[in-house]
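Here is a short briefing on a single protein chain. Please keep the sequence and the model open while reading.

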Amino acid sequence: SVSAVAIGQRLGRLSVDLVMLAAAGVTALVLRDNATLELQDLTALVPYLLATTLVAVPISLVLGLDRAFWRFSALSDFARVVAWIALTLTIGTVAVFLYNRLEGISRSVPILHGLVAVCLLIGTRIAVRALHLSRNHKPDPRLIAQPGSSARDDCVLIIGMNNLTWLFLRALSELDQDNVRVAGIFATTDTGRRHTVRGY
């Protein structure tokens, strides 16, 4: 069903974020140890990685990162990613400090972790958006209703932004014979606001 597919996509986005967050933690350890990775250092890092991963899940759900389409990423999405990383690493670091006082972990690792995570997660989103834009040309200008133009029966306002929105706009761009004009896209959720979709 559609709902099952949507849930699967959200879980997929969340899983990728968590994997990148954990990878950023290991990368931070490698950078801290001058590009070397000892087994004992990696073992000491495990409680920290587990804590930050467990903390990251509910914070991600609250901020709605699992609902954001990476190919439509905007500055508001990047701000939520930074907030997610900052909250996750702060709470996770405090939890591990109370548990074992960050035994075996340099105090600079969480800071490096945050910097690497920001670069990795935001960089990935920017790359996906750039790749998406490069693969798809902008819609025919005839499809866009011009300001001040007279109302027509074939001028439509799209409600909601999701995969069907993208499919509809792409179909108009490639198949329309000047029969339909899009007046705009009305986002029904915070996630969909202030995004540009194929030039709209």
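Is R80 buried or exposed? R80 is buried, because its relative accessible area is 18%, and buried means under 20% (exposed is over 50%, partly exposed is in between; 1.4 Å probe, protein chains only).

This is a predicted model, in which local features need pLDDT of at least 70, side-chain atom pairs count only at pLDDT 80 or more, and totals for chains, interfaces and linings use all residues. Residues are numbered from 1 along each chain as its sequence is written, and side-chain values use heavy atoms, with hydrogens and water left out.

**Overall layout**

- The protein has five helices and two strands. Both are DSSP runs numbered from the N terminus: helices are H or I with at least four residues, strands are E with at least two.
- From the N terminus, the order of elements is α-α-α-α-β-α-β.
- The protein has 200 residues, and 40% of them are buried.
- Accessible areas come from the Shrake-Rupley method with a 1.4 Å probe; for residues, only the protein chains shown count as cover.
- Of the contacts with a separation of 6 or more, 82% join residues 24 or more positions apart. A contact means heavy atoms within 4.5 Å.

**Nonpolar core**

- The largest nonpolar core holds 29 residues. Such a core is a set of buried Ala, Val, Leu, Ile, Met, Phe, Trp, Tyr and Cys residues joined through side-chain atoms within 4.5 Å.
- L45, Y48, W84, I85 and L121 touch the most other members of this core.
- The elements that give it two or more residues are α1 (2–32), α2 (39–63), α3 (75–100) and α4 (109–135).
- Leaving out residues up to four places away in sequence, W84 touches D17, L18, L21, A56, I59, S60, L63, L65 and L121.

- α3 has 26 residues and should span 38 Å at 1.5 Å a residue. Its end C-alpha atoms are 37 Å apart, which agrees. The expected span is 1.5 Å times one less than the number of residues.
- α4 has 27 residues and reaches 38 Å from first C-alpha to last, close to the expected 39 Å.
- Buried residues in α4 include V109, P110, H113, L121, R125 and H132.

**Salt bridges**

- Side chains of opposite charge can pair when their charged atoms come close.
- The count is three salt bridges, each a side-chain nitrogen of Lys or Arg within 4 Å of a carboxyl oxygen of Asp or Glu.
- R10 pairs with D66, with the closest N and O atoms 2.7 Å apart. This pair links distant parts of the chain: R10 is in α1, D66 is in the loop between α2 and α3, and they are 56 residues apart.
- R10 counts as partly exposed because its relative accessibility is 32%. D66 is buried, at 3%.
- R125 and D17 also meet in a salt bridge, at 2.8 Å from N to O. R125 is in α4 and D17 is in α1, 108 residues apart. R125 and D17 are buried.
- D77 forms a salt bridge with R80, with the closest N and O atoms 2.4 Å apart. Both lie in α3, three residues apart, about one turn of the helix.
- D77 counts as buried because its relative accessibility is 2%.
- D77 and G64 are 13 residues apart in sequence and 9.3 Å apart in space, C-alpha to C-alpha.

**Surface patch**

- V94, F97 and L98 make a nonpolar surface patch of about 300 Å². Patches are made of residues with over 30% relative accessible area and no salt bridge; like charges are joined within 9 Å, nonpolar side chains (Val, Leu, Ile, Met, Phe, Trp, Tyr) within 5 Å.
- V94 lies in α3. At 46% relative accessibility, V94 counts as partly exposed.

**Positive phi in loops**

- Most residues other than glycine have a negative phi.
- A35 has a positive phi near 65°. A35 is in the loop between α1 and α2, and is exposed, with a relative accessible area of 64%.
- R101 has a positive phi of about 55° although it is not a glycine. R101 follows α3, in the loop between α3 and α4.
- R101 is exposed, with a relative accessible area of 57%.
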